[in-house]
Amino acid sequence: MMHEQTNIMTSGARPAPRIRYVARILSYVRPYSGLAAMTLVIIVLGTLFGLASPLPMKIMLDYVIPKNPGPPPAWLRAVFGNVTDNQGHLLIATAVAMVLVVLTENVLAVINNYVSTKLNQKMVLDFRSDLFSHAQRLSLAFHDQKRSGPLIYAINFQADAAAGIVIAIPPLLESFLTLIGMMIITYSIDRKLFGLSLLVLPPLWLSVKLYARVIEGRLRRVKEMEEVSLSIIHEAISMLRVIVAFGREGYEYTRFRKQGETAVDARVNITVWQTMFSLAVKLITGVGIALIVGVGAHEVRAGRITIGDMVMVIAYIGMVYKPLEAISFTLGSLQNNKINLQMASELLDLQPEIQDKRGAVDMPRAHGKVEFRDVCFSYTGRTDTLREINFVAEAGQVVAIVGPTGAGKTTLISLIPRFYAASSGKISIDGRDVTDITLKSLRDQISMVLQEPLLFSGSIAENIRYGNLAATTEQIIEAAKNANAHDFISRLPQGYDTQIGERGAQLSGGERQRVCVARAFLKDAPILILDEPTSSIDSKTEAVILDALDKLMEGRTTFMIAHRLSTVRRADKILVMEQGKLIEQGRHEELIELGGLYKQLHDVQIGANSTRRRRVLDPVP
Ligand code: ADP
């Protein structure tokens, strides 16, 4: 799975078959099929009026201006009888018709603008929302391995791809319809001109093909470079404290700048290709127009067609060649959108490694018995992160997990909420395999308080409410009181409405952690996971937090990773981990008696504590 992800994300990945993209685009059009149908109707009407628009001018030139006009066509005769006697009326009618045509064309344009903008914006929002929700659904394993640049890039800059393609279709269709209409009319006027107008199509087609071939790979590479730039920004902003602490602003700036410059060079290169393409298209259409005008003039002189016919043909040519030229631009943006759609689709097509199994059911509130049976797990590219883990935590028990750094403690608890998927073995809650339960209801059973107290920007109340979005203000205050946080919050000038910066930068570590504990209180889940929540907190505040955690642990199955063995003495069960293995388990006294790793760790800490105490007490020399 991950292997596939790695491939798919690298440059030059094989795009999925075209039909998949078409299906994807259609799935985004479907909810707005009414709007889409309206655009089509408008396009057809617009084309018809467009085709009719040079007609008044032709009539003016051929039947109103000449003293002795030639025989009028049947429909004109039907309305105005003998045209020669009626030239005055015909003149007024033609002028009015001109105004009407312009009016209709532009009213249609206004409606079209409204409808297509609405369609476009709605589709973009849908696509963007899907990318966002997908980014959240991709498993932590994915986010561990990938930079966030591509995701942010896709959400920000590639979400308009599907809509962009859809929006480009009506103008293309319009020029195509006009092209056909024009050919039919030109054919009826003069076959030679008709033949000439066809002449430009092959070279146009060729240059489009060539352009697509040249530009596609380059466009993709530029976008990948832009993704990296975005990753650098994202990382720098989220690591700002470290950057500032090490004085590495200049280094990061240079890194960003260098990456940006490579991307800029590549972009400029692409733009050169794009303008060359546009030049080629304009040249081809220019030659086409010159030929038609030249030959057309010759035909008029030879009396084979009227000036009115010639003006009409030229008007059509303008009408079609302009869109054809616009197509060179549209195709450029189509190409761009195609690459965007491909790249965004590759992200959307990544299946989250962890998702609800078919037939997974919601689990009602659990009692909290947790069991690991022969559980093995390895991170991608690693081996034996966890080996054959077996233990049972009865409902309501406190289970401490100890062991040296890197032994696999955090990994072990990450498997309970299925942040990662066990490669073999079974993890169950109240006897039910966690993979049989929906992720949502599984995670509803678990509260976590982590080492780093992460808070959102927003008010303190909002941060606590995150534990239960439906909580009332009273419940929030109650939770804060339980977490020993109410006092410090009340002392803040704005109390619970105090806004905290991103990551809670305006509170001390201990205060932030108490807000996190309050959040866990509010969630009120039967299983509690504490991943060294006091490790980065001074010992005075620690006591306050430990007291709050004691209250929080009441009546819940608790998993607690702890370095300080003093806090694990009272645990109902202690799991001792070493190099991915669970080597000892039991109560404090049992493990001391066993005389294994736990006893060693214990002795070392006791020793360290007593030396530290001695040192403190030693008289200053
Ligand atoms: P502990 O919590 O006991 O310190 P961890 O569970 O964090 O240990 O880590 C166990 C092993 O897994 C370590 O060797 C660590 O390097 C590795 N590890 C931890 N997280 C990841 C990850 N996201 N990707 C790959 N390896 C990881």
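1. Leu-103 counts as exposed because its relative accessibility is 51%; exposed means over 50% relative accessible area, buried under 20%, and partly exposed in between, with a 1.4 Å probe and protein chains only. Leu-103 sits in helix 6. The model is predicted: local features need pLDDT of at least 70 and side-chain atom pairs pLDDT 80 or more, while totals for chains, interfaces and linings use all residues. Residues are numbered from 1 along each chain as its sequence is written, and side-chain values use heavy atoms, without hydrogens and water.

2. Leu-103 belongs to a nonpolar surface patch that also includes Met-38, Leu-91, Ile-92, Val-96, Leu-100, Val-107 and Ile-111, with about 700 Å² of accessible area together. Such a patch takes residues with over 30% relative accessible area and no salt bridge, nonpolar side chains (Val, Leu, Ile, Met, Phe, Trp, Tyr) being joined within 5 Å and like charges within 9 Å. Areas are Shrake-Rupley values with a 1.4 Å probe; for residues, only the protein chains shown count as cover. Helix 6 (residues 87–137) gives the most to this patch, 7 residues; helices are DSSP runs of H or I, at least four residues, numbered from the N terminus.

3. There are 21 salt bridges in the structure, each a side-chain nitrogen of Lys or Arg within 4 Å of a carboxyl oxygen of Asp or Glu. In one of them, the closest N and O atoms of Arg-220 and Glu-224 are 3.6 Å apart. Both of these residues are buried. About one helical turn separates Arg-220 from Glu-224, because they are 4 residues apart in helix 11 (residues 201–238).

4. Helix 13 (residues 249–301) holds Glu-252 and Arg-255, 3 residues apart, and their salt bridge has its closest N and O atoms at 3.2 Å. Glu-252 is buried at 16% relative accessibility, whereas Arg-255 is partly exposed at 26%. Also salt-bridged are Glu-261 and Arg-257, at 3.0 Å between the closest N and O atoms. Glu-261 has a relative accessible area of 39% and is partly exposed; Arg-257 is partly exposed at 44%.

5. Around the ligand there are 13 residues, of which Gly-406, Gly-408, Lys-409, Thr-410 and Thr-411 come nearest; the criterion is a heavy atom within 4 Å. An N or O atom in the side chain of Thr-411 lies 2.4 Å from a ligand oxygen. The protein buries 68% of the 560 Å² that the ligand exposes when taken alone. Helix 15 (residues 409–415) gives the most to the shell, with 3 residues.

Terms used: Helix = DSSP H or I, 4+ residues; strand = E, 2+ residues; numbered from the N terminus. Polar contact = N/O pair within 3.5 Å; in protein donor to acceptor, adjacent residues only side chain to side chain.
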